[in-house]
Amino acid sequence: MSRTVSLPRALIVEDEIVIAMDLEAQMKKLGFEVCGVTSNAREALQIAMDEPPDIAIMDIYLNGARDGIEVARQVYDLFATSVIFVTAYGDDEGLMDRIHEQVPEATVLSKPLYGSKLAEAITRLAQARSNAPRLYS
């Protein structure tokens, strides 16, 4: 009798296609199923509703009306999804305050992502959420 192994799901929301493709490749290498890659809020929410992600990798500034912080807050509130923001604006204190107010448990990584920064952030999230073993097994 064969057993189907369910991989943790990742949603990637990034409006720069080259960065989005790199994030998708990194997440697959880290053992995630990428349930969607999109550049706008509406599509991100639709993907999350169809296949709730275990983790969302979010850019802050997106194409379209809403920004990544609002989308991340909604996905976090609806599905308790872990969120990692990837941004070129990590030195903007007002932006960081807004992130920590709306998605307090989010991790923020600065672009560009070199080396193992993403893998290390995912490991830290998994350790912090050790009461949910299915997330990053």
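Y89 is partly exposed, with a relative accessible area of 43%; buried means under 20% relative accessible area, exposed over 50% and partly exposed in between, with a 1.4 Å probe and protein chains only. The model is predicted, so local features need pLDDT of at least 70 and side-chain atom pairs count only at pLDDT 80 or more, while totals for chains, interfaces and linings use all residues. Residues are numbered from 1 along each chain as its sequence is written, and side-chain values use heavy atoms, with hydrogens and water left out.

A search of the whole structure finds one aromatic pair, where rings of Phe, Tyr and Trp (its six-membered ring) pair if their centres lie within 6.5 Å. Y61 and Y89 form this pair, which is edge-to-face, with 5.0 Å centre to centre and 80 degrees between the planes; planes under 30 degrees apart count as stacked, over 60 as edge-to-face and the rest as tilted. Y61 lies in the loop between β3 (55–58) and α3, and Y89 in the loop between β4 (82–87) and α4 (93–102), so the pair ties together parts that are 28 residues apart in sequence. Helices (H or I, at least four residues) and strands (E, at least two) are DSSP runs, numbered from the N terminus.

| Residue | Relative accessible area | Class |
|---|---|---|
| Y61 | 40% | partly exposed |
| Y89 | 43% | partly exposed |
| M96 | 13% | buried |

M96 is in helix α4. Apart from neighbours within four places in sequence, M96 is in contact (heavy atoms within 4.5 Å) with T87, Y89, G90 and V108. The C-alpha atoms of M96 and V108 are 8.4 Å apart, and the two residues are twelve residues apart along the chain.

Helix α2 (residues 41–50) and helix α3 (residues 68–79) have axes that come within 10 Å and cross at roughly 15 degrees. Axes are lines fitted to C-alpha atoms, for helices over the stretch in contact, and angles run from 0 to 180 degrees between N-to-C directions. The two helices α2 and α3 are therefore roughly parallel to each other, the term for angles under 35 degrees. On the α2 side the contact is made by A41, A44, L45, A48 and M49, and on the α3 side by V71, Q74, V75, L78 and F79.

For the protein chain, there are five helices and five strands. Of its 137 residues, 45% count as buried.

Technical notes
Parallel < 35°, antiparallel > 145°, perpendicular 65-115°, else oblique.
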